[in-house]
Amino acid sequence: QVQLVESGGGSVQPGGSLRLSCAASGRDFDITDMGWYRQVPGERRELVATITGSAGATYGDFVKGRFTVSRDGAKNTVDLQMNSLEPEDTAVYYCKVVYKIGADGVRHFAEWGQGTQVTVSS
């Protein structure tokens, strides 16, 4: 199993910024994809930003250049810098990691963090 610890959520005014961080820990795992999703109650969880070693970063269509995702492979962490936040960004943000068991593994697994609340309001 891989465990995820998230931090950085909170409340901010429109136009403000937040930085979310996620750290993965476990034994004998090889991360393929790591990033952030978000979910509003009653809605589907949607992609915010994810990054892979081979394909780079992928962002949800709503981001429009406002967010930047980065990874530190040595530390197994991913950060999400969110700027120009809008009320519509209010949601629970979840870290997600996709990984294999060992470098020679053939099956991918996914784990989710517990979620961190982001609230954007005046």
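Begin by selecting the largest nonpolar core of this predicted model, a set of 28 residues. The residues with the most contacts inside this core are Leu 4, Met 34, Trp 36, Val 78, Leu 80, Met 82 and Tyr 93.

Two or more core residues come from each of S1 (2-7), S3 (18-26), S4 (29-39), S5 (46-52), S7 (67-72), S8 (77-82), S9 (91-101) and S11 (116-120). Strand S9 gives the most, with five residues. In soluble globular proteins, nonpolar side chains tend to be buried together.

**Val 78 and its surroundings**

Centre the view on Val 78, one of the core residues with the most contacts. Leaving aside residues up to four places away in sequence, Val 78 touches Leu 20, Ser 21, Cys 22, Met 34, Gly 35, Trp 36, Ile 51, Val 69, Ser 70, Arg 71 and Cys 95.

**Thr 50**

Now select Thr 50, which lies in strand S5. Is Thr 50 buried or exposed? Its relative accessibility is 8%, and because buried means under 20%, Thr 50 counts as buried. Beyond residues up to four places away in sequence, the contacts of Thr 50 are Asp 33, Met 34, Gly 35, Gly 56, Ala 57, Thr 58 and Val 69.

**Arg 44**

Move to Arg 44, in the loop between S4 and S5. Arg 44 has a relative accessible area of 76% and is therefore exposed, the cut-off being over 50%. With residues up to four places away in sequence set aside, Arg 44 touches Arg 38 and Gln 39.

**The whole chain**

Finally, zoom out and switch to a cartoon view. The protein has eleven strands and zero helices. Its radius of gyration is 14 Å, close to the 14 Å that the globule rule gives for 122 residues, so the protein is as compact as a globular protein of that length. Along the principal axes, the C-alpha atoms fill a box of roughly 50 × 25 × 25 Å.

Of the 122 residues, 41% count as buried. Among contacts between residues at least 6 apart in sequence, 55% join residues at least 24 apart.

The protein exposes about 6,700 Å², of which carbon and sulfur atoms supply 46%. The mean positions of the 12 positive and 14 negative charges are 2 Å apart.

Conventions
Residues are numbered from 1 along each chain as its sequence is written. This is a predicted model: local features need pLDDT of at least 70, side-chain atom pairs count only at pLDDT 80 or more; totals for chains, interfaces and linings use all residues. Side-chain values use heavy atoms; hydrogens and water are left out. Helices (H or I, at least four residues) and strands (E, at least two) are DSSP runs, numbered from the N terminus. The radius of gyration is taken over C-alpha atoms; the globule rule is 2.2 Å times the number of residues to the power 0.38. Buried means under 20% relative accessible area, exposed over 50%, partly exposed in between (1.4 Å probe, protein chains only). Contact means heavy atoms within 4.5 Å. Accessible areas come from the Shrake-Rupley method with a 1.4 Å probe; for residues, only the protein chains shown count as cover. Lys and Arg count as positive and Asp and Glu as negative; His and the chain ends are not counted. The place of a charge is taken as NZ of Lys, CZ of Arg, CG of Asp or CD of Glu. A nonpolar core is a set of buried Ala, Val, Leu, Ile, Met, Phe, Trp, Tyr and Cys residues joined through side-chain atoms within 4.5 Å.
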